[in-house]
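Here are some notes to read with the model open beside you. Take them one at a time and find each residue as you go.

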Amino acid sequence: FDSVAFEYFFLQCRSKFILDAINDVDLNDALRLACLDMRLATIRLKLPYDALVKQFPVDQFLTKSVVAKFTSDALAKVLRESFGNFVHMQDDAVMLRYVEIVERQPRFHVQTFAVVTDCWSPGEAVTLHLSYSYGITLVRSNSSKENVSAFNDLASLRTSSLRDKLYLYLSRRSGPTFNFVFPCLAA
């Protein structure tokens, strides 16, 4: 067990959650994650729960989208009630449980890239999401999503590079071909 590598993985999971990079986190899971994070802070800072919430705002442990669903009093109450479920856990167990919850979120394993494509309008900047479960999805600046392809529908995937850009050509068994440009990537 490599504790340093696990700590880094935990911090990556925490960062993805706090920055709202994982879409559609179940509300109960979000509250569990906040309580686990708070429990870890009480252990490492050697503070009781009440001192921790006085010293740090609770929104430091939650995403903005979750905080927006509660009044501050209601959020404080639900966190206090939920925190009791984790008070017995120690450092490694807290991190392990946190990672288990984050990993089972549907969008956790999605890799995201800013790309340029001509699919809708010339040179449009979009976000390309790649994941085994969801395949390839484009998200436009207006937040509309286009499912490009499941991986089992790919006929070919080619790359080429020219100067400071990497080009991705994606052909499907059924449907159109897509071309993407990854700006400023060295090949």
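This is a predicted model: local features need pLDDT of at least 70, side-chain atom pairs count only at pLDDT 80 or more; totals for chains, interfaces and linings use all residues.

The points below go from the overall layout to single residues and pairs.

1. Now the overall layout. The protein has six helices and seven strands. Follow the chain along the sequence and you get the pattern α-α-α-α-α-α-β-β-β-β-β-β-β. Colour the model by position in the sequence and you can trace this pattern for yourself.

2. How much of the protein is buried? Of its 187 residues, 35% count as buried. The accessible surface comes to about 11,000 Å², and carbon and sulfur atoms own 54% of that surface. As for contacts, take those between residues at least 6 apart in sequence: 45% of them join residues at least 24 apart.

3. Next, look inside. The largest nonpolar core has 33 residues, and those that touch the most other members are Phe17, Leu36, Met38, Leu62, Leu79 and Tyr98. Which elements give two or more residues to this core? They are helix 1, helix 2, helix 3, helix 5 (72-83) and helix 6 (91-103). Helix 2 gives the most, with ten residues. There is another core apart from this one, made of eleven residues, and Val115, Ile136, Leu170 and Phe178 are among them.

4. You'll find Leu31 in helix 2, and it counts as buried because its relative accessibility is 7%, under the 20% cut-off. Setting aside neighbours within four places in sequence, Leu31 is in contact with Val66, Phe70, Leu75, Val78 and Leu79. Take Leu75 from that list: Leu31 and Leu75 are 44 residues apart in sequence, while their C-alpha atoms are 9.3 Å apart in space.

5. Then the rings. The structure holds two aromatic pairs. Phe10 and Tyr98 make an edge-to-face pair, with 5.1 Å from centre to centre and 70° between the planes. This pair links distant parts of the chain, as Phe10 sits in helix 1 and Tyr98 in helix 6, 88 residues apart. Phe10 and Tyr98 are both buried. The pair of Tyr49 and Phe83 is tilted, at 4.6 Å centre to centre and 40° between the planes. Here too distant parts of the chain are linked: Tyr49 is in helix 3 and Phe83 in helix 5, 34 residues apart. Tyr49 and Phe83 are both buried.

6. On to charges: the count comes to seven salt bridges. One of them joins the side chains of Asp29 and Arg104, at 2.8 Å from N to O. Asp29 lies in helix 2 and Arg104 in the loop between helix 6 and strand 1 (111-117), so this pair ties together parts that are 75 residues apart in sequence. Are the two partners buried or exposed? Asp29 counts as buried, at 6% relative accessibility, whereas Arg104 counts as partly exposed, at 46%.

7. Compare two further salt bridges. Asp50 and Arg80 meet at 1.9 Å, N to O, and they link distant parts of the chain, with Asp50 in helix 3 and Arg80 in helix 5, 30 residues apart. Asp50 is partly exposed, with a relative accessible area of 40%, and Arg80 is partly exposed too, at 45%. Arg97 and Glu100 meet at 3.6 Å, N to O. Both of these lie in helix 6, three residues apart, which is about one turn of the helix. Arg97 is partly exposed at 27%, and so is Glu100 at 38%. Salt bridges that share partners also join Glu7, Arg44 and Asp91 into one network.

8. Last, the outside. Val4, Tyr8 and Leu11 form a nonpolar patch on the surface, with about 320 Å² of accessible area together. Leu11 belongs to helix 1 (residues 3-18) and counts as partly exposed, at 39% relative accessibility. Also check Lys46, in the loop between helix 2 (27-45) and helix 3 (49-55). Its phi is near 55°, a positive value in a residue other than glycine, and Lys46 counts as exposed because its relative accessibility is 71%.

Note on methods
Residues are numbered from 1 along each chain as its sequence is written. Side-chain values use heavy atoms; hydrogens and water are left out. Patches are made of residues with over 30% relative accessible area and no salt bridge: like charges are joined within 9 Å, nonpolar side chains (Val, Leu, Ile, Met, Phe, Trp, Tyr) within 5 Å. Accessible areas come from the Shrake-Rupley method with a 1.4 Å probe; for residues, only the protein chains shown count as cover. A salt bridge is a side-chain nitrogen of Lys or Arg within 4 Å of a carboxyl oxygen of Asp or Glu. Helices (H or I, at least four residues) and strands (E, at least two) are DSSP runs, numbered from the N terminus. Buried means under 20% relative accessible area, exposed over 50%, partly exposed in between (1.4 Å probe, protein chains only). Contact means heavy atoms within 4.5 Å. A nonpolar core is a set of buried Ala, Val, Leu, Ile, Met, Phe, Trp, Tyr and Cys residues joined through side-chain atoms within 4.5 Å. Rings of Phe, Tyr and Trp (its six-membered ring) pair if their centres lie within 6.5 Å; planes under 30 degrees apart count as stacked, over 60 as edge-to-face and the rest as tilted.
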